[in-house]
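Please examine the sequence and the model shown here.

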Amino acid sequence: MDALVRIEDLSVHYYTLTGVVKAVDRVTLDLPRGEFVSFVGESGSGKSTLALALLRLIPPPGRIAGGRIVFEGTDLVGLPEKKMKGIRGRRISMVFQDPMTSLDPLRRVGEQIADVYLEHGVASDKKEALKLAGEALEMVGMPRDRVYYYPHQLSGGQRQRVLIAAAVALKPSLLIADEPTTALDVIVQAKIMDLLEDLMRELKMTVLLITHDIALASERSNRIAVMYAGRVVEYGPVDAVIEDPLHPYTRGLLESAPDLWGEKRIKGLPGTPPDLRRPPPGCPFHPRCPRRFEPCDKVDPSYTRVGDRIVLCHLYSG
Ligand code: ATP
Ligand code: SF4
């Protein structure tokens, strides 16, 4: 695999008054260049925290507690903030869930895209930056003249396109999209996903989609990483993960996704994810796992390679 990002033993903790939340716990994986990779898992599994770590934007009381994020050969974890600013928005960009909270309602969308060119010194003045903003809008399938529109004059889907335009303005090699279509209806959702796929091919960029929707992830991705309680429990090519899930949690997620395995097989996952301040001993999934056996509540599993997948489960170790 031609790795764009190598994540090695990455941990991110939130140091709260009630305890340390291990939101991302010893994650190791490579993100390939020019592919569509989805991170799936229930709410609170650590997906957004992992995405924010890649941008070094973990809010207090959180911080990267250990590990490395090697992006295009540079470890981002120890990088001075000044250098990180040159990477953020230029080499690694992010699109968030709700376009309304990310856009300033009082400024024309063109000016907001133009900011990216001005901040990174790509345009020397506002006029040139606005011209480039028009080109960025065309890249996401919108007419240039929309640069003069205010956010409220656009539909939800168009607003999301504006944010994507700003995110890809400088042709990053990694675009992170955190639940980018949750606020949109299914038809608009499909169009935004088509756009992300087109941009991935055109710009030879890696797209990292964060979603709780394993059906959506399986339609769009080349690879899927399944997160549970801060850990990536299974990671591999989409067909293998969907057709023959190795980890009992992946299987549970698939069995609760009606679109994927047919309604007859809907079971739903019993129980709830653990409190990440006090995760259970051993495998964090053991209280909910239908296949737990002798070592599971005592010994923490470590990664095992199975074909071109990695899995974190005692069923495959040794
Ligand atoms: P969602 O889909 O709901 O966004 P997620 O999988 O993206 O969930 P995260 O938002 O990364 O998960 O949260 C992982 C864990 O970290 C959760 O237990 C959450 O409560 C905790 N957490 C997230 N942000 C903070 C914060 N600012 N302070 C304290 N704990 C936090
Ligand atoms: Fe289930 Fe044990 Fe595997 Fe955890 S390690 S997923 S409890 S079988």
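The lining of the second largest pocket divides into 5 nonpolar, 2 polar and 5 charged residues. In this classification Ala, Val, Leu, Ile, Met, Phe, Trp, Tyr, Cys and Pro count as nonpolar, Asp, Glu, Lys and Arg as charged, and the others, Gly among them, as polar. The model is predicted: local features need pLDDT of at least 70, side-chain atom pairs count only at pLDDT 80 or more, and totals for chains, interfaces and linings use all residues. Residues are numbered from 1 along each chain as its sequence is written, ligands are numbered from 1 in the order in which they are written, and side-chain values use heavy atoms, without hydrogens and water.

**Second largest pocket**
- About 210 Å³ of space lies in this pocket.
- Its lining includes Met 1, Asp 30, Arg 223 and Tyr 303.
- Strand E2 gives the most to this lining, with 3 residues.

**Largest pocket**
- The volume of the largest pocket is about 640 Å³.
- Among its 22 lining residues, the closest to the centre are Gly 89, Met 94, Val 116, Glu 119 and Ala 166.
- Helix H4 (109-119) supplies at least two residues of the lining; its share, 5 residues, is the largest.

**Ligand 1**
- The shell around ligand 1 has 14 residues, divided into 5 nonpolar, 7 polar and 2 charged.
- An N or O atom in the side chain of Ser 43 is 2.6 Å from an oxygen atom of ligand 1.
- A polar side-chain atom of Lys 47 lies 2.9 Å from an oxygen atom of ligand 1.

Methods:
Near = heavy atom within 4 Å. Polar contact = N/O pair within 3.5 Å; in protein donor to acceptor, adjacent residues only side chain to side chain. 1 Å grid on protein atoms, 1.4 Å probe; cavity = no way out; pocket = protein on both sides within 12 Å on 5 of 7 lines; lining within 4 Å. Points joined across faces, edges and corners; volume = space filled by probe spheres on them. Helix = DSSP H or I, 4+ residues; strand = E, 2+ residues; numbered from the N terminus.
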